[in-house]
Amino acid sequence: LDAKVDFEKLSEPVKANGSFVHRGRTFTYRASVTTLRTLLAGVATRVDVAADTDLVHAGFVGFLSSDGTAKGNGSLITPSLKNLAAWLGRPIEAGSGLGPLTAIADIAAKDRHVSLSRIKAKLDGIAIGGDLSADVTTTTPAVNGNVTLDHLDLNTYLQFGSGAHGGRAPAGPPSGGWSKTPIKLDLLKLLNGHLNITVGALTVQHLHLGDTDIAAALTDGAMEAHMDPITLYGGHGRAFL
């Protein structure tokens, strides 16, 4: 860790900048604290911190208390969420998806329990909004909340019928009938919890759904999803997966 710290009195702002190395990557950072006196006294104190590397930008502007409580606005930008997860020791198999991510949200956090509200994000060109709460004290995070997606193409993430060399295989085997090509569902192991998802347009193989509400429960890699309603070619219905 390299740091340049600028302050004169406990009652005046403190500023710091420099660099640090984490998991083999060098970050530059900057940080400012309104006053050390209020922070040491346990009073919520305004802070502004940001860290950057070629893989990720992370920032937080808000209030921090000496007991570790943080409330404010956070931002995260990465050119590849898949590469970021792998660097953090959580590799993801997600077909050709999980590329660029830009996200901002209101954050409330303490003791590795995090609440995100008023989320505005874009992942792989998908506009995402909603509210989430996460418990990251366990190996597999527990996440609950409500999420809206303007569209979702599952073919990107599950690679239905992908060929042996990563290319697209025909829609079905030459003899007709169902394809027996395995589908990777590693994404289901990323988290546990309950999510209510509203999707404006959903694509699965050659099936195109309109407005769809999904109530999904995930537990140790197993998912139950109630889709009610689904909009399909001018009609309406519901499904259970």
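Modeller: Helices (H or I, at least four residues) and strands (E, at least two) are DSSP runs, numbered from the N terminus. This is a predicted model, in which local features need pLDDT of at least 70 and side-chain atom pairs count only at pLDDT 80 or more, while totals for chains, interfaces and linings use all residues. Residues are numbered from 1 along each chain as its sequence is written, and side-chain values use heavy atoms, with hydrogens and water left out.

A nonpolar core is a set of buried Ala, Val, Leu, Ile, Met, Phe, Trp, Tyr and Cys residues joined through side-chain atoms within 4.5 Å, where buried means under 20% relative accessible area, exposed over 50%, and partly exposed in between (1.4 Å probe, protein chains only). The largest such core has 26 residues, and among them L149, L152, V199, L202 and I214 touch the most other members. At least two residues of this core come from each of β7 (101–110), β8 (113–123), β10 (142–149), β12 (192–199), β15 (212–219) and β16 (222–232). If contact is taken as heavy atoms within 4.5 Å, L149 touches I126, A127, I128, I197, T198, V199 and G200, leaving aside residues up to four places away in sequence. A second, separate core of 7 residues includes F27, Y29, L55 and W87.

Strand β16 also contains P229, which is joined to D228 by a cis peptide bond with an omega of about 5°. The loop between β8 and β9 (126–135) holds D124, a residue that is not a glycine and yet has a positive phi of about 55°; D124 is partly exposed, at a relative accessible area of 27%.
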